[in-house]
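Q: I'm new to reading protein models. Could you walk me through a few features, step by step?

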Amino acid sequence: MGADAQDGPAARVFFALVPPPPLREALGVLAASVAQRAHGRALPADNLHVTLAFIGTWPASRLAHWMDVGARCAGAATHVTLDRLGGFRRAGVAWIGTRTIPPPLHDLADALGAALVAANVAVDTRAFAPHLTLARRCRGPFPDEPAGPYEWSVDAIALMRSHTEPAGARYVE
C-alpha cells in the first residue's frame, strides 16, 4: 500500500533515531572532516540520523497511523556507542556506526520491520547495521577505523519526512 492521488499530498517517510542537538553538532564536525578525507560531501548536522526502517511514500493524511506504529514499537531507552567509521564504496557513502548493537536497538528494528510487513510494506531484508551517514558522493579513500567514541542515550524514535530540494535531501521529524 502507498500513496494514491485521491488521498491528497504524499510524503516519503521512514523511522529513525535522531541524535540530540549537542551530539548532532559534534557529528557534524566529524562529517566535515570525514567528507574532506573521503573526497565527498558532508551531510548537514540537521540531517544526521540512524534509519531504522524505510516506509516509503504515503498520503500525508495517513501519517498518524505510522506515528502510532512507532509509539507501539518503542521500547526501553538504550545506550548506543558510535565508535566505528566505515564506508559503502558502491554507494559512495562514509558513515559512523557501532561495533556492538545493543539488544534493545536490534529488538526495535525487528518490531518496526514486523509492523511494516503486517501493513504489506516491502522491507529491507539485509541484516540491521545501524549507522549514521556522514558524507555522500565519496570517491575515497573510505574510512575503516575506530572513532570517538560518541555516547548516545537513545530514548525515542522519530517518524521522518524526506524533502528533496536542489541542494539535496532534507529530513524533518
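This is a predicted model: local features need pLDDT of at least 70, side-chain atom pairs count only at pLDDT 80 or more; totals for chains, interfaces and linings use all residues.

Q: Which residues of H1 are buried?
A: Start with the general idea: an α-helix has 3.6 residues a turn, so residues three or four places apart point the same way. In H1, the buried residues are Leu23, Arg24, Leu27, Gly28, Leu30, Ala31, Val34 and Ala35. They pack against strands S2, S4, S5, S6 and S7. After H1 comes His39, with a positive phi near 55°.

Q: How do I describe two packed helices?
A: Use the angle between their axes and the distance between the axes. Here, the axes of H2 (residues 63-73) and H3 (residues 103-118) come within 9 Å and cross at roughly 140°. The two helices are therefore oblique to each other, and their crossing is right-handed.

Q: Which residues meet where H2 and H3 touch?
A: From H2 there are Trp66, Val69, Gly70 and Cys73; from H3, Leu108, Ala111, Leu112, Ala115 and Leu116. By class, this contact has eight nonpolar residues, one polar and no charged ones.

Q: Is Gly140 buried or exposed?
A: Buried means under 20% relative accessible area. Gly140 has 14%, so Gly140 is buried. Gly140 sits in the loop between S6 and S7. Beyond its neighbours within four places in sequence, Gly140 is in contact with Arg37, Ala38 and His39.

Key
Residues are numbered from 1 along each chain as its sequence is written. Side-chain values use heavy atoms; hydrogens and water are left out. Axes are lines fitted to C-alpha atoms, for helices over the stretch in contact, and angles run from 0 to 180 degrees between N-to-C directions. Helices (H or I, at least four residues) and strands (E, at least two) are DSSP runs, numbered from the N terminus. Angles under 35 degrees count as roughly parallel, over 145 as roughly antiparallel, 65 to 115 as roughly perpendicular and the rest as oblique. A crossing is left-handed if the near helix is turned anticlockwise from the far one by less than a right angle, and right-handed if clockwise. Contact means heavy atoms within 4.5 Å. Ala, Val, Leu, Ile, Met, Phe, Trp, Tyr, Cys and Pro count as nonpolar, Asp, Glu, Lys and Arg as charged, and the others, Gly among them, as polar. Buried means under 20% relative accessible area, exposed over 50%, partly exposed in between (1.4 Å probe, protein chains only).
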